[in-house]
Structures are given as structure tokens and as C-alpha cells.
Amino acid sequence: MYTVELSKLVEKMNLKNCTPEIDISEIMLTQPEVNRPALQLAGFFDYFNYDRLQIIGNVEYAYMEKMESDHGRSIMQKLMSFKIPCIVFCRNLPVDEDIRALAVENNVPIFQSEKSTTDFQGEVIRWLKVELAPRISIHGVLVDVYGEGILITGESGIGKSETALELIKRGHRLVSDDVVEIKKVSDVTLIGSAPDMTRHFIELRGIGIINVKNLFGVESVKNTQQIDLVIRLEEWNRDREYDRMGLEDQYTEFLGNKVACHTIPIRPGRNLALICEAAAVNFRQKKMGYNAAQELYERVTNNLKNNGK
């Protein structure tokens, strides 16, 4: 199970802490969804998602104001007894002192956000889905080529980093070298990034470690990038039949998501950076509905039909 620190959420969403007495450094969020405890305020606690962040909006707040003080206190006491991670009052709604005291007593932090309930809820869910997404680390290089995320894989020493360096010189951007952390943020989207320790660095055999950001400027690096295409580099094998037309797309899989993949055989004199650029542009054309291989196939087929008449 992946977790994210509550303090990180507070900083990211610029939340005001109404219970500074509570130490939030050890509180972790484990669910990307949130909960608006309307039914719980009405006394229905079956199937209560207590492990989610709890949000109080105008509707919940108006209902709380109409509750008798003793009943409202008992409901809030029961709500907080579930050890919920925190409560956020949106639109800077004021926090009653009795509720604040109950929160301190039960060690449940309360925060305020100036955002509307809908905006805050959507932003938090989007952020938490990324932070809590399933993830793996693989050996490879991730670069942004013409806006397409190209993941270059292959055996150690085959030339991945050198290819990335040439792409950077051509104006493209490095995301990660050597280790790529991949997060599955949806059933169709994979996001790649670099570990904090190696971000912006490239290892070149015979030279050592270089800092791409310092050498080529901030426009040459990027922190995250969606993975759109995988280019697998391998030594040329005479006995293997390589795809020369590209009529049928090939795929590889990460975390259950399929990603288009090309296997590129390595031989002396091949310009791998240029091949990566061509692959990125060709992939974009396919997304826009144009397939060069299909057009050539149709031309050849039509020519054969015409000559056969």
C-alpha cells in the first residue's frame, strides 16, 4: 500500500491549520478518494469511508448549524472516533470552538481551504491519484521528444544515455536516465519521472556523470512526462526478422497498461537520435489518423489491381 504524508497535502493545497496542537508529521493518507460526511452527520455510519480525507462544504455546514448542540457534539464525537485522517472546511467556513476542542481531544486535525468544495475536491483527488498511484522502477531512459514521452530501454551499455544526450543537443528534454519511476495514474496513462537522487544527471561511460540542467540549461530537462512510446534497443541479430513495414502495431505492458513499442536493431553508423525523432513524429501522425505504412500498402494493392485488369 502506498502512502502520502498529510503534511505534504497541507503544503500543496495551502491549507490553514486550525489545530496546530496536533502533530501531523506521522499522519498518512492511503486513499485517493475523499468523503463528504453528509450521511454520517445524519447518524448513518454504515459503510463509512473513515480512512478518507473528510470534506465539509456548504451543505454539510448548514446541516451542522441546524443540529441541537448536544446531538451535534455526540455526532461529531462519533465521527472523530473512527480516527479519520483529517477534516477540511472549504470556502474558509468558520470552525466552531467545540468542534475544534473535540478534534484536539481525538487527535483529528482540522484545516480550512479558501477553495470551493467542488474545486478543492477535484484538485485533491487528482493530486492524490498521482501520489498514490501503483508504481514500478525500470532500467531505461525517458525523454520528451516533440511532446511525446519516449522510453528508451535495452541492455546496459547499448547506448541509451548517448542517444538521450544527442536528443538533448537537438533541443529535446531529459526526464530520467538509468532509472525511470513509472506511475499508473489511470487505465490509459503512465507517468514517468526520475528518482530525486539522480534527477537531471546522465552517466556517460568513459566520461562519468554530467548534470544536464547545468550544461544545457533548464529548458533541457523535465520532471515528469507521460509515457507514449517505448523504443527497445538491441544488438543486430542476423537470424531475427525485424519489422520493415509497421502495418501492425507492437506493444509492451507496464502495470497492466499497453504502450506502443518499437524494437530497433543497433549497427554501426545508425543515427539513433534521428530514429527516435522519426518514431516520435510517426507516432503522433498515427494518433492524428495517418499511417504511412497503410498508405503505401494501399498504393501497392491498388497498383496490382490496376495492372491485373
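Predicted model: local features only at pLDDT ≥ 70, side-chain atom pairs only at ≥ 80, totals over all residues.

Visitor: Okay, how many helices and strands does the chain have?
Guide: The secondary structure of the chain comes to ten helices and 19 strands. The chain is more spread out than a compact globule, because its radius of gyration is 27 Å, well over the 19 Å that the globule rule gives for 309 residues.

Visitor: And what does the C-alpha trace span along its principal axes?
Guide: The C-alpha trace spans about 90 × 60 × 30 Å along those axes.

Visitor: How much of the chain counts as buried?
Guide: Of the 309 residues, 44% count as buried, while the chain exposes about 17,400 Å², of which carbon and sulfur atoms supply 48%.

Visitor: Switching topic, how many aromatic pairs are there?
Guide: The count comes to six aromatic pairs. One of them joins Tyr61 and Phe89 in an edge-to-face arrangement, with 6.3 Å from centre to centre and 85 degrees between the planes.

Visitor: Where do Tyr61 and Phe89 sit in the chain?
Guide: Tyr61 belongs to helix α3 (residues 58-66) and Phe89 to strand β6 (residues 87-89), so that pair, 28 residues apart, links distant parts of the chain.

Visitor: Are those two buried or exposed?
Guide: Tyr61 is buried, with a relative accessible area of 16%, and Phe89 is buried as well, with a relative accessible area of 1%.

Visitor: Which residues do ring pairs link into a cluster?
Guide: Ring pairs link Phe45, Phe48, Tyr50 and Phe82 into a cluster.

Notes:
Residues numbered from 1 in each chain as written. Heavy atoms only, no water. Helix = DSSP H or I, 4+ residues; strand = E, 2+ residues; numbered from the N terminus. Rg over C-alpha atoms; globule rule 2.2 N^0.38 Å. Buried < 20%, exposed > 50% of the residue type's maximum accessible area, 1.4 Å probe, protein only. Areas by Shrake-Rupley, 256 points an atom, 1.4 Å probe, with all protein chains shown as cover. Phe/Tyr/Trp six-rings, centres within 6.5 Å; stacked < 30°, edge-to-face > 60°.
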